[in-house]
There are 2 protein chains.
Amino acid sequence: MHSFKELVEIFSEKFNASHFPAQPATLYEPGNYFLNIGGKRIRPAACLMGNELFGEIHPNAYDVATAIELFHNFTLMHDDIMDKATLRRGQPTVHTKYNESTALLTGDVMMIVAYEYLARLDKNFLPRILQLFNKTAREVCEGQQLDMDFEQRNNVSLTEYIRMIELKTSVLLAASLQTGAILGGASEGNCHHVYEFGRNLGIAFQVQDDYLDAFGDPEKFGKEPGGDIRQNKKTFLLLHALEVADTPRKEKLLRLMQENPAGKVQQVLSIFRECNVDEWARNLKQQYLNQAHHHLEAVAVTSKRKIHLAQLADFLVAREH
Amino acid sequence: MHSFKELVEIFSEKFNASHFPAQPATLYEPGNYFLNIGGKRIRPAACLMGNELFGEIHPNAYDVATAIELFHNFTLMHDDIMDKATLRRGQPTVHTKYNESTALLTGDVMMIVAYEYLARLDKNFLPRILQLFNKTAREVCEGQQLDMDFEQRNNVSLTEYIRMIELKTSVLLAASLQTGAILGGASEGNCHHVYEFGRNLGIAFQVQDDYLDAFGDPEKFGKEPGGDIRQNKKTFLLLHALEVADTPRKEKLLRLMQENPAGKVQQVLSIFRECNVDEWARNLKQQYLNQAHHHLEAVAVTSKRKIHLAQLADFLVAREH
């Protein structure tokens with residue numbers, strides 16, 4: 001069995017080879033560029049961990065892990081177009097470095113190559129994994145659509161936001177773990193708990209993400225907090241504040257969002273603190289993390305096999321950057 | 001056995017149901033809109049015809065045909081963004097009616113739904129059909145990329161253009177036929193001939209397309225010919241003319257393309273005629289059509305089973321609109 005860090009290294013070494021033919025270079029070179037700017041490779045490592053929970057790594061797990069990482073990068077490439085993002089991991093996005101048509105078509109072909117990796121799976125695993133992959137891929141698109149829809153709305157509830165986060169980010173982590181479990185021969189029941197572990201962990205991860213963006217220590221966080229506040233981004237914190245603040249504070253919050261005055265970030269943070277949003281967020285994160293651990297405990301394998309996944313959960317959610 | 005027209009009707013009746021969930025409507029409603037503006041459904045009918053060449057229609061053939069038609073529409077939706085096309089089949093394109101992000105994401109999810117139909121296939125057929133589908137999908141993207149690359153170049157050879165057409169349009173027709181053949185239990189050898197029938201027919205079809213745009217009878221063609229000439233589009237005709245014209249005619253052609261004077265279409269058509277481009281195109285089309293028929297003849301089934309495909313080939317290539 002391997003730790004998360006070890007599996008990231010094992011996966012990365014295999015993944016760093018090119019996944020595309022040489023020609024047409026105008027189509028494939030941007031794909032190589034984007035994959036080379038890096039990434040944490042959390043999802044493929046999660047796939048391998050889900051697999052090791054039940055036994056030795058199945059050779060097909062590398063194909064599934066590769067398909068998942070390619071799919072994830074395809075969504076990032078297209079999301080960057082929709083969000084008009086100029087930077088990704090500190091480097092120019094594909095549509096910025098090349099153009100939108102390239103980012104669009106290179107993304108498309110990257111998704112198809114993901115399916116080429118899936119097509120390599122043993123006949124016995126292929127239908128089940130393909131179905132889970134498809135369902136998840138569709139949900140990720142739905143999550144992105146909801147995210148864009150919510151930008152246009154002023155009445156998004158916390159429940160709706162959680163559902164969007166679940167679709168946009170959690171289900172892919174959950175499915176990564178579950179595909180590994182399937183290759184490990186896990187029962188339906190165990191697969192369910194592995195999936196739910198990932199789904200809850202994914203939400204806890206996003207709560208932490210939103211929390212750090214507002215309350216993170218600038219030195220550890222690596223950038224000035226408050227980016228989400230400056231952009232009026234809907235986050236766990238903002239949506240909860242709008243739900244619990246008294247009328248004067250709620251009106252002040254809405255006015256700050258509309259007028260974008262100097263010192264807005266500090267004023268919004270003050271309201272957040274007055275409404276105990278920080279404490280609430282830490283509790284919410286802990287609730288989802290507890291749920292994740294609860295499902296991990298319910299997986300019917302020896303507790304020794306679960307150590308690395310339990311550590312990963314705590315690591316992802318306790319991180320300060 | 002059914003004629004092409006009958007199979008289009010049988011397929012369309014099944015296909016006209018919705019392929020998407022209701023929510024989020026912002027994601028799926030544009031997909032329904034696009035599928036409802038119609039289309040000739042040539043590829044799914046070809047899949048069913050490839051299947052009937054070898055026996056009764058396999059129930060999975062409808063899933064494959066649906067996947068192919070959804071994939072085709074996904075490519076159209078994304079191509080329309082890249083080409084900045086405002087109309088498709090006389091109706092507003094998705095990015096015009098909604099916006100680019102919608103066309104991008106709805107296209108993505110349409111491709112995923114195509115794979116959901118493939119995931120329904122019998123275990124015995126799934127790997128082979130998935131592999132052919134993936135390879136073809138990747139080639140279609142490569143064809144679109146070459147098409148965009150060629151727009152920026154002034155030295156595209158006829159050979160390069162044929163390869164682009166092959167990738168952008170022929171391979172999907174060829175693969176549609178072959179997936180049907182696979183479901184019909186065809187041997188490798190028969191699959192090869194069915195594929196080559198489609199590949200050659202696809203090229204002949206495109207030659208006819210280019211020919212009609214220049215020399216079509218306006219009354220039968222349904223619109224004023226010369227659209228490609230007005231847009232300086234690289235076509236079989238233009239690339240051949242540039243290869244065979246003498247220096248004065250070649251220079252005149254290039255000048256007309258650069259200066260876009262009034263009466264340009266008539267002047268370009270005159271040069272085309274002086275260079276016998278019309279006759280050459282009719283011959284070229286016939287050569288590819290002959291190749292297609294040659295491969296159809298080589299398929300080891302009774303000639304009675306081939307009648308509908310042979311008629312389809314002649315119909316697609318003899319059409320005047």
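Is B:Cys47 buried or exposed? B:Cys47 has 0% relative accessibility, so this residue counts as buried. Buried means under 20% relative accessible area, exposed over 50%, and partly exposed in between, using a 1.4 Å probe and protein chains only.

This is a predicted model, where local features need pLDDT of at least 70, side-chain atom pairs count only at pLDDT 80 or more, and totals for chains, interfaces and linings use all residues. Residues are numbered from 1 along each chain as its sequence is written, chains are lettered from A in the order in which they are written, and side-chain values use heavy atoms, without hydrogens and water.

**Cysteines**

A disulfide is a pair of cysteine sulfur atoms within 2.5 Å. The count over all chains is zero. B:Cys47 is in no disulfide.

| Cysteine | Nearest cysteine sulfur | Distance |
|---|---|---|
| B:Cys47 | B:Cys191 | 12 Å |
| B:Cys141 | A:Cys141 | 15 Å |

For B:Cys141, that distance is too far for a bond. B:Cys141 is buried too, at 3% relative accessibility.

**A helix pair**

Helices are DSSP runs (H or I, at least four residues), numbered from the N terminus. Helix α2 (residues 25–36) of chain A packs against helix α7 (residues 126–151) of chain B. Their axes, lines fitted to C-alpha atoms over the stretch in contact, are 9 Å apart, at an angle of about 110°. That makes the two roughly perpendicular, a label for angles of 65 to 115 degrees. Contact means heavy atoms within 4.5 Å. Residues in this contact include A:Tyr28 and B:Cys141.

**A histidine**

B:His72 lies in helix α4 (residues 60–82) of chain B. B:His72 is buried, at 11% relative accessible area.

Note on methods:
Axes are lines fitted to C-alpha atoms, for helices over the stretch in contact, and angles run from 0 to 180 degrees between N-to-C directions. Angles under 35 degrees count as roughly parallel, over 145 as roughly antiparallel, 65 to 115 as roughly perpendicular and the rest as oblique.
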